[in-house]
4 protein chains.
Amino acid sequence: MEDRAWLQAMLDFEAALARAVAPPDAAEAIAAACVADHFDVEDLGISTADYGTPVPGLLKQLRAKLPEDAAAHVHRGATSQDVVDTAAMLVARRALAPLIEDLQGAADACAALAQRFRDTPMAGRTLLQQAAPTTFGLKAAIWMSGLDEALRQFRDIRESGLAVQLGGAVGTLAALGDGGLEAVSAVARSLELPEPGLPWHTVRMVPARLACALGEAGGAIGTVALDVVLLAQTEVAEVAEAGGEGRGGSSTLPHKRNPVGAIAVRACTARVPGLVSTMLATMAQEHERGAGTWQAEWETISDLLRLTGSAASALREVLEGLEPDPDRMRANLDATGGLLMTESVVTALTPSLGRGRAQELVEQAARTALEQGRPVRDVLAGEPAVMDALGDDGLDAALSPDNYLGVARQLVDRALEARRS
Amino acid sequence: MEDRAWLQAMLDFEAALARAVAPPDAAEAIAAACVADHFDVEDLGISTADYGTPVPGLLKQLRAKLPEDAAAHVHRGATSQDVVDTAAMLVARRALAPLIEDLQGAADACAALAQRFRDTPMAGRTLLQQAAPTTFGLKAAIWMSGLDEALRQFRDIRESGLAVQLGGAVGTLAALGDGGLEAVSAVARSLELPEPGLPWHTVRMVPARLACALGEAGGAIGTVALDVVLLAQTEVAEVAEAGGEGRGGSSTLPHKRNPVGAIAVRACTARVPGLVSTMLATMAQEHERGAGTWQAEWETISDLLRLTGSAASALREVLEGLEPDPDRMRANLDATGGLLMTESVVTALTPSLGRGRAQELVEQAARTALEQGRPVRDVLAGEPAVMDALGDDGLDAALSPDNYLGVARQLVDRALEARRS
Amino acid sequence: MEDRAWLQAMLDFEAALARAVAPPDAAEAIAAACVADHFDVEDLGISTADYGTPVPGLLKQLRAKLPEDAAAHVHRGATSQDVVDTAAMLVARRALAPLIEDLQGAADACAALAQRFRDTPMAGRTLLQQAAPTTFGLKAAIWMSGLDEALRQFRDIRESGLAVQLGGAVGTLAALGDGGLEAVSAVARSLELPEPGLPWHTVRMVPARLACALGEAGGAIGTVALDVVLLAQTEVAEVAEAGGEGRGGSSTLPHKRNPVGAIAVRACTARVPGLVSTMLATMAQEHERGAGTWQAEWETISDLLRLTGSAASALREVLEGLEPDPDRMRANLDATGGLLMTESVVTALTPSLGRGRAQELVEQAARTALEQGRPVRDVLAGEPAVMDALGDDGLDAALSPDNYLGVARQLVDRALEARRS
Amino acid sequence: MEDRAWLQAMLDFEAALARAVAPPDAAEAIAAACVADHFDVEDLGISTADYGTPVPGLLKQLRAKLPEDAAAHVHRGATSQDVVDTAAMLVARRALAPLIEDLQGAADACAALAQRFRDTPMAGRTLLQQAAPTTFGLKAAIWMSGLDEALRQFRDIRESGLAVQLGGAVGTLAALGDGGLEAVSAVARSLELPEPGLPWHTVRMVPARLACALGEAGGAIGTVALDVVLLAQTEVAEVAEAGGEGRGGSSTLPHKRNPVGAIAVRACTARVPGLVSTMLATMAQEHERGAGTWQAEWETISDLLRLTGSAASALREVLEGLEPDPDRMRANLDATGGLLMTESVVTALTPSLGRGRAQELVEQAARTALEQGRPVRDVLAGEPAVMDALGDDGLDAALSPDNYLGVARQLVDRALEARRS
C-alpha cells in the first residue's frame, strides 16, 4: 500500500511535468499512462538496487507504454531527486488528511471529556505521588491543548510547508533552457503544491519541518496514552478503555481488560524520536545531492507518517470510548485520609500563623498521621493552634478537595471557549 | 556561566511572582534579593541532589536573605516546576538573541556571496560526482535559504512560542484562591513572556517546538559546513577559510590549513539530532509532573541552545571570511575534458535527433572518451550525426559551461530580491 | 572536574610517550612537568577554539615549562588524535572504577532483596494490570540479572576493550622511523592499556563499544528505577525509598515523600539513548581523521560516563535503602477479590474439564464478578462444574496466591547460587 | 517475507513448547500444524490490532487446525511475550547467518586489498586535507579491523547471546506447576537456543546487546562506505566501483558512474543509530510486561537486522569489485608539490637543527611555497641550513613518499598474520 502510494505520487509528478513542458498531445499521452496499477512493482524494486533510486526503472516502464514521440518528452528537464522529493510531498499531503482528521477527533473527544468532567475532582499526581486535587476536566483540557497545537502545525504545513522540488541535475534547470522557472510554476499549480523560492535538493528544511512536526505530535499523543495507561492500572482504575468482543483480552488471563488502545499508541510513539533524529542527522547532504543521506530519508519519512497516523487513530478511538470512573477518583482522593489536602490546610492557616509556621505545623501533623496510621484530620484537630485559627468547620473546609480546585473550572471554560471561537 | 544564567532566570521568576502576588513592600524586598551573584551555587548543587530540583535550596537561600514577613511571601502559589519551566523560557530567550544575530550574519554573508559570485560557474556535484555546471552564487543562495528559514522559526518562537508556566502544585493554582488567573497574567506581563491558554507542565509542546527548531537549524547550518569542508579538500580547493595567526594549523604538519571553523560547526551539529530525540522521547510525562522525564530536559535544552549557538557563530565567521577561488572552480569544471557537459550536448542534439537517440549517442561518446582518455569533444566531433546537427560552433557552445547554467542567475536574483523586501 | 580529568589524561599520554621515545633525561623532565594543576585551563580553552583540538595549546604550555633540549622531545611521533583518543581511554578507565563499584553494590542489594523476600508474594503486573502472583524476590533477582550483565560487559571492557591509540599523523607512525611499533608497545605498557593490532583513528569500534555498554547499562538501571517509581505510587505503595532529613520533600506539599532517588536515576538514563545514537552516527569518519565527527565524540562520551555513573550511584542508594512493604503487597494481591487467580483456577480445572471449557467457564465467572462487584470466589462457588471438580478446599487452594508461585523460589535460588559461584 | 519469518518463528516456539509439555501425540499433531504457509496472515494482522499482540490470533488459527484434545495442549504454560520474544531470537539467528557471511566476505575483500596494495602509497588525509603519505594497504587493513570486530561480536551473540524466553504470565511459570524449569530446558534444547538463568521479559539486555552490535557494525560498515564515496569523487578518483550494465548510471547524465554500492550502504547505515536509540529508550519496561515499550521493539529489531544485513551485503559487493587506481594515488600525492612531505622534512632536519627550529623553518618554507605557487623543494633548496643538513640527495629522500611510510607495511603484515591464525 505504501509502495503504491509512492509509485502513484512519482507518476503524478511525471504527469504534471509533462503537462508543463511537453507538447499537449505528448503530455496527455504521458499523463494517461501514469497509473500505478499498470506498473510492475517487483521489477521496479530490482532496478532501484542497480541505480540507487527507483526513477530510472520507473521511466523505462513509462516510456515503454508510450509511442516514441511521447516517450521522448518523458521526464524532460528533471532529475531523479525532483521526482522522489516531489512525490514525498504528495505522499505526505495524502497522509496528513487522515492524520489531521484523527487528531481533530481526538482533540474533540478531549473537549467533550473536559466539558463533561469539568467539576469532577480527582487526585493530581506529581512524580506519581498524590499531590493535591485537580479535576478530570482540567486534565482532559490540557491533553487537548497539546493535540490542538499539533493540529495547528499540520494545518500550517499542509497549507504552506510542503513544496515542489524541481531543479534538474544540479538545481539550475539547465535542460529546460529559459523555461525553467515557468516549468516550476506550472508543476506547482498542477499538483497544487506551493512553489519554493529556490530548489531545496540539499537544504532539507521542508522534510525536516515535517518530520519534527510528526515528532512533536507523537509527544503530544504519547503523553495522553501514558496517562491513560497509568489511570487504568488495577490499583488506580480511574479510567478504562471501551471494551468490546475480544478487545484487550489476554491469551491466558481471562479477567484482564488491558488498555490495548493506549498501548498501541505508545508502541507507535516510542519509535518516533529515533526516526526524527535520523531525519535531522541526514540533513547534512553533500553538494548538489546527498550520497546516502538523501536516500535514507525515504523510508524514514514513510515510517514517521505511518506511525504518527496510527497513533492518532488509536488515540482517537481510546478517547472517544474512554470510561472515566468519578467514584473511583473520589475514593482515591480520600484514600490517604486527607494527606492530599495538606497544602490546602497550610494555605488556610497562613493568614493566622504565617506561612513558615503553618507549613512546619502541617508537615509535622502529616508525619504523625503517616507514622501512626491516623487520618491527618485527627492529628490536626488535636493542635490548638489549628483549631484556634480554623475551628471545626474551617478545618473541614480546608480538607475538602472540592474547595481546593483553584481555577481548574475557569481554565477549562476559557480553553473550551477559545477553542470554539 | 550557564548555571548562573539558569539561577538568575529562576530568581527573575520569583521576583515576578512576588510582584504579582505579594504586598508591595514584600515584593520589592524579594525582588531586590533576587540577584544570582549573592547566592551560593555549590550549596544549591547539594540540595538539588536531595530534592531532585534546585528549587527548595534556592528558596531556602532566598528566604534567609529576607525579613520574616517578606520571606513568608516568597514562592507563594507556585511549585518547583513553575520556577524551572519559566526559567527555561527566559534562558532560551536570552540564548536566542545571539543565535538569531549570528544566523542573520551567516545568512547575510551567504547573500553577499550569492551576489558576488552570481556569474561564477563551478561544477555541480551529485553523489559527489561532477554532474553539470552550476554557479557558486546559486549554491550560496541555497545555503542562505536554509538559514533564513531557521531564522524565521526562531523569530516566531521568540515572538509567540515561549510561554510562562504557572500552575501551582498540580495546575489548578489552588494556593492562590481565586487569584490564579490574574497572577499568571501579571507574571507574564512582568517577564514579557506570552501567557499560555493552559498550564503546560506535562504537555511539552513548548520546549519540544524549541528543541525541534534548534534541530532543524542545526541541519541547515551543518549542511553548509559540510559543503565547505568538501570544497576545501586539497584535491578540490575551491574555497578556503580565512587564515590568521595559528588558525587551522596542525600540531605536526606545518603546511596544513584546516577548515577548522567548518569542522567546529560540524562537531556541534553532529550532536544535535540525538539531543532532539531525547527531548521528544521525554515528552511522555506522567500525570501532573514527569518522574525523571521532565528533569532530563534541563541540561538537554541547555546543550541544544549552546551547541546550536556555537555552530551559528562559527558558521558566520566561516562565511564572512570565506575565500572562494573562481579559477580553481573553472579548472575543476574543465578537468573532465567536457564530460560534465554531456547533458548539455544531449539537450542540444534532442531537437534534431530525438532525445532517445541523442542520449544513446552521447552516452556512447562519453564511454569512449573515458576509456580512451580523450576529451569528449574529440569523440563527439568524430560523429557525423553530431556535426550535422550542431557544427563546430554549435558543439563548442554546447560544451561551454557558461552556456549551460539554466536559470541559476534568475534564481539568485529572485531570492535576493525576495529577501530584501 | 571533568576538564581536569581530561587534561591529566592527556598529560599522562605525553609522559608515557616521552618515556617511550625520548632520551631518559628528557623523558623524566617531561614526565615531571605533566601535572594538570600547573596548567592554565582557561588559556587551553582559547587555543582549542583556534586549532580545533586542545593539543597544540597543551603542547605549547608543556614545552614552555621545559628546557629546550627536553622540549624538543615532547609529543615526538604523535598527532593530536593520539593524545585525545588515548586520554579518552584513561578517562574512561578511571570513570569505570566507581561505576563498576556502584553497579556491584546495586546488584548486591538486589541479591539481598531477592534472598530476603524470596517467599513474599506480590501481584505480577503485565501492561500495568495485575495479572498473576509473583514474588518480590523474583522481581529483585531479575533486576539483578540485568545489572550483573552490565557489570560483566564493563569488566570485559576494562580488561580488554580499551586500547592505546598511537599512529602519528596518518596512522603510519612515520615520524618515528622504524621505531613505531616499539613505541606503541612501550606506551601501552606504561599506561597499562591494551595494545591494539592496528591504530583505530577512523574505525571507532573501541569508543562505540564503550558507548553501547553504557547505553545497555542505562537500560538495565532505568528499568529498575521505573519499577521503583511505579511500586512507590500512592495507590500501590509496595515500596518506599529510605527517608532522611529533607530527602524527597516537596517545596509546597509537606506530606510527600517522593522517590527522588529513582527519579534521579531516570533523569540520567533518559538522556543516554540519544547520546549513544550520536556516538554511533559519528562513527563514519572521513579518511585518516574525522572532520567534526571525531570531535563530536569528546563531550558525548564524557556525558555518557557521567550520566551512567550518576545513575548507578543513585540506584545503589535507592536499592540499599529500599523499604518494601509485604503487607501492602498482600493487600494489593487481594484487592481484586481473587480475579488475579483466574489463571490458577483454569489450571486447576483443566484436568477435569479440559482447558477450553475451563477457560470459558472462568472467563465468564470473572466477567460476572466484575459486573456485579462480587468476589470471584462466590461466583465460582455457584458453578456446579467447579465445585464438582475442586470442592471447597480445592477452590480455596486454587485461589491462594501462595499456591500459585510456580518456580519463583527455585529461580531465585538458582540465580543466587549461580552468582555466588 | 519478514512477516513470514516472524510467523514461522512463533510457530517454531509453539511446536517446541508442545514437545516440552504436551503428551507425545498431541505434541506431534501441534508440531505438524505449525507451518506458516497454512496460516492466514491478513486475519492475523486484524486480530493483532484487537489484542495488541499477534499471539491470540495465531493460537486461534492453530487450535482450529487441531483435534480438540491436541488443541487443549497448545501454548500451555506460556504467555504472548514468551512466543514473541523467543521468535525474535529465532528471527535474529536466521538473519545473522547471511549477515555474518557478508561481513566475512567484506573483511576478506579488505584483506585481499591490504595484501595487494601493501606497498601502494597514497595521500593520507586528515580533516579532508592531505597530511602525509600512507598506503592503500594500511587503509584497507584498518577497514578490515572494524569489520572483523563486528564479526567477532555477532559470532559471540549467535553462540551465547541469544536466549529462550519462557516465563508464563509473570515469569513464574506457575501454569506448569513444578515443571517450569524442565520446560524451559526442553524448549531451549529443542530450538537450540541458550537457556537463560532467569526469564528476561522486562530486563531487555538480550535484545539491547543485539541492537547495539548491529549499531556498532553499522558504524564499521559505514565508515568504509564513506571512504569509498570520498575516494571515488571526480577530483580524487582513486577508486571506482565495478561497473556493469546500468550500474551507477544516471537518469540524465550519461557519463556518470556513481558509487551506487557505497551510497546504498550509507543509505542503510544512516538509519541505524536512531533505531538503536529506540531499542535503548524502550528498555525501561513496566513491571512484568512493558506497556508499549516492549511492542515498539518488534519492527525496530527487524529494521535493524534488515538494514545492517543489506549494508553488509552491499559493502561486500563494493569491496569485492573495487578498482583502486595506484597511478591516480601517486598523482594526487604529487599534486601539492611536496607540501605533503613537510613532516618528513622536519623529521629529517631535527637531528641537525633541533625540532623547534626545524619545524619553524619548514613551516616558513611551506608558507612561501603556497604563497608563491612554487614547489616546496625549490624553497627548501634555497635554505642553506637545509642544504647543510641534508644535501640534495637527503632533501630528495626526505621528500619522497616511499621513504616516509613508517611502519605501514609492518602493520599490514602483522594484521594479516594475526587474522590467518
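Me: At what N-to-O distance do the side chains of B:Arg266 and C:Glu286 meet in a salt bridge?

Reply: This is a predicted model, in which local features need pLDDT of at least 70 and side-chain atom pairs count only at pLDDT 80 or more, while totals for chains, interfaces and linings use all residues, and side-chain values rest on heavy atoms, with hydrogens and water left out. Residues are numbered from 1 along each chain as its sequence is written, and chains are lettered from A and ligands numbered from 1 in the order in which they are written. A salt bridge is taken as a side-chain nitrogen of Lys or Arg within 4 Å of a carboxyl oxygen of Asp or Glu. The side chains of B:Arg266 and C:Glu286 form such a pair, with an N-to-O distance of 2.8 Å.

Me: Which elements of chain B give two or more residues to the side that touches chain C?

Reply: Six salt bridges are counted between chain B and chain C. Eight residue pairs, both at pLDDT 80 or more, are in polar contact across this interface (a pair of N or O atoms within 3.5 Å; within protein, one able to donate a hydrogen and the other to accept it, and residues adjacent in sequence counting only if both atoms are side-chain atoms). With helices (H or I, at least four residues) and strands (E, at least two) taken as DSSP runs numbered from the N terminus, the elements of chain B are H3 (41-51), H4 (55-64), H10 (260-269), H11 (272-281) and H12 (297-321).

Me: How much area do chain B and chain C bury between them?

Reply: In contact, meaning heavy atoms within 4.5 Å, are 40 residues of chain B and 40 residues of chain C. Buried area is the accessible area (1.4 Å probe) that two parts lose on being put together, summed over both. Carbon and sulfur atoms carry 51% of what these two chains bury, and the total is about 2,900 Å².

Me: How many residues of helix H11 of chain C are buried?

Reply: Buried means under 20% relative accessible area, exposed over 50%, and partly exposed in between (1.4 Å probe, protein chains only). Among the buried residues of H11(C) are C:Gly274, C:Val276 and C:Met279, and the cover over the buried residues includes H11 of chain B as well as H9 (205-231) and H11 (272-281) of chain D. H11(C) is mostly covered, and of its ten residues the buried ones number nine.

Me: Which element gives the most residues to the side of chain B that touches chain A?

Reply: Chain B and chain A bury about 6,900 Å² between them, 69% of it on carbon and sulfur atoms. The interface holds six salt bridges, one of them joining B:Glu216 and A:Arg209 at 3.0 Å, N to O. Among the elements that give two or more residues to this side of chain B are strand S1 (121-126), strand S2 (129-135) and helix H9 (205-231). The greatest contribution, 14 residues, comes from H9(B).

Me: What is the relative accessible area of D:Glu238?

Reply: D:Glu238 lies in the loop between H9 and strand S3 (239-240) of chain D. Its side chain makes polar contacts with the side chains of D:Arg125, at 2.6 Å, and D:Asn332, at 2.7 Å. D:Glu238 is buried, with a relative accessible area of 0%.
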